[in-house]
Amino acid sequence: MDPAVALIRTTLNTTSLIAPGPAGRAAFELFRHPVRRGRVRTREREVHEQATTERLDVGGRQVVVYQWGDGARPVLLLHGWQSRASRFAAFVPRLRALGLSPVAFDAPGHGESGGRRATVLDLREISARLQERYGDFEAVVAHSLGVNAAFLALRGGLRAGRLVAVAGVSEFSYLPAAFCAELGLNAVLEREVGRHMEQRMFPGVADVPEYFDAARRPEEIGLPILVVHDEGDDMVGIDHARRLKAAYGDRLDLVVTQGLGHRRILVEPAVVDRAVAFLADGREAAGLGVVGPGAAAQGIAGQETVGPEPAGQETVGQEVGAA
């Protein structure tokens with residue numbers, strides 16, 4: 001473990017036993033500020049540098065917006081926590097080949113954008129402003145916390161034809177627990193972080209867990225949805241995807257991958273193939289599939305069955321090792 005993380009864990013856990021209030025406030029400050037800004041990776045750089053960029057002022061923070069293509073048939077890309085727009089580099093050329101124009105942004109406090117922190121409400125506001133700039137979206141493609149923001153934005157008036165949700169957070173209330181588990185913080189601090197989150201980040205929201213639940217009132221989301229999630233995702237568990245499937249039923253196609261984890265899933269060619277096919281013509285079969293790293297594109301489209309098939313579960317592609 002990083003010595004700095006170990007020191008933070010020991011200090012906060014010990015302090016919480018005698019002064020839970022101050023310790024909780026300190027933990028909350030860590031929670032709402034990204035620990036690090038993601039850098040553009042080598043494999044992303046070429047696509048990243050092809051984008052046309054502009055800036056939006058969002059509450060005094062300069063948000064960097066990226067756009068590829070001629071602007072026709074825009075597709076909104078929403079990244080997750082401690083991530084950045086360049087993580088969608090594998091999607092951009094495939095979307096452009098369909099005649100779509102990807103539009104993305106680095107959230108405040110992320111990537112090249114200004115500020116030190118962001119909430120899903122910021123992502124909703126920026127998405128709405130980009131809709132004013134580019135028009136209705138052909139689709140939204142989102143990853144991780146960006147998925148939660150996508151559902152919130154769609155309920156708030158964002159207009160899109162389809163939604164692709166990759167490794168998405170469906171329950172916003174899980175975040176304090178995940179944050180504290182990652183740092184090894186105790187239950188006292190988890191409760192304090194959750195309380196501060198509700199009172200200080202969203203003071204005007206009466207019921208934060210219900211308001212940010214992507215599975216609530218599914219009738220409000222009328223578009224077709226593709227959810228792709230790895231069964232071994234150790235950051236956002238597969239239960240988040242299954243909650244969405246239970247809520248949206250036949251309007252949602254669920255693809256479960258193996259061995260891709262939380263990050264690799266966004267660059268896996270078989271996942272990109274499936275998402276692009278869904279956006280291209282919507283002919284993906286409803287239900288539950290299994291895709292492994294390295295699965296051939298024709299295996300996805302043809303729904304090739306490999307290995308034993310559990311009852312009620314369709315197996316697609318092939319499984320190859322762990323990420």
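In which kind of crossing, left-handed or right-handed, does α2 pass α8? In this predicted model, α2 passes α8 in a right-handed crossing. The contact is built from Pro20, Gly21, Ala23, Gly24, Arg25, Ala27, Phe28, Glu29, Phe31 and Arg32 on the α2 side, and from Val188, Leu189, Glu192, Val193, His196, Met197, Arg200 and Met201 on the α8 side. Sorted by class, the contact of α2 with α8 comprises 10 nonpolar, three polar and five charged residues.

Two packed helices are described by the angle between their axes and by the distance between those axes. For helix α2 (residues 20–32) and helix α8 (residues 187–201), the angle is about 65 degrees and the axes lie 8 Å apart. Helix α2 is therefore roughly perpendicular to α8, since angles of 65 to 115 degrees are placed in that class.

The chain as a whole contains 12 helices and nine strands. Of its 323 residues, 53% count as buried. Among contacts between residues at least 6 apart in sequence, 73% join residues at least 24 apart.

Helix α7 (residues 174–183) contributes Tyr174, Leu175, Pro176, Phe179, Cys180 and Leu183 as buried residues. The buried residues of α7 pack against α1 (3–18), α2, α6, α8 and α10 (239–248). After α7 comes Gly184, with a positive phi near 75 degrees.

Ser144 is situated in the loop between β5 (137–143) and α6 (145–155). Ser144 counts as buried because its relative accessibility is 8%, and buried means under 20%. The side chains of Ser144 and His262 are joined by a polar contact of 3.0 Å. Leaving aside residues up to four places away in sequence, Ser144 touches Gly80, Val166, Ala167, Gly168, Val169, Val236 and His262.

Ala167, one of the residues that Ser144 touches, lies in the loop between β6 (160–166) and α7. With a relative accessible area of 0%, Ala167 is buried. Most residues other than glycine have a negative phi. The phi of Ala167, however, is positive, near 50 degrees. A positive phi, near 55 degrees, is also found at Gln82, likewise a residue other than glycine. Gln82 belongs to the loop between β3 (74–78) and α4 (92–97).

Methods. Residues numbered from 1 in each chain as written. Predicted model: local features only at pLDDT ≥ 70, side-chain atom pairs only at ≥ 80, totals over all residues. Heavy atoms only, no water. Axes fitted to C-alpha atoms, helices over the stretch in contact; angles between N-to-C directions. Helix = DSSP H or I, 4+ residues; strand = E, 2+ residues; numbered from the N terminus. Parallel < 35°, antiparallel > 145°, perpendicular 65-115°, else oblique. Left-handed = near helix turned anticlockwise from the far one by under 90°. Contact = heavy atoms within 4.5 Å. Nonpolar A, V, L, I, M, F, W, Y, C, P; charged D, E, K, R; others polar. Buried < 20%, exposed > 50% of the residue type's maximum accessible area, 1.4 Å probe, protein only. Polar contact = N/O pair within 3.5 Å; in protein donor to acceptor, adjacent residues only side chain to side chain.
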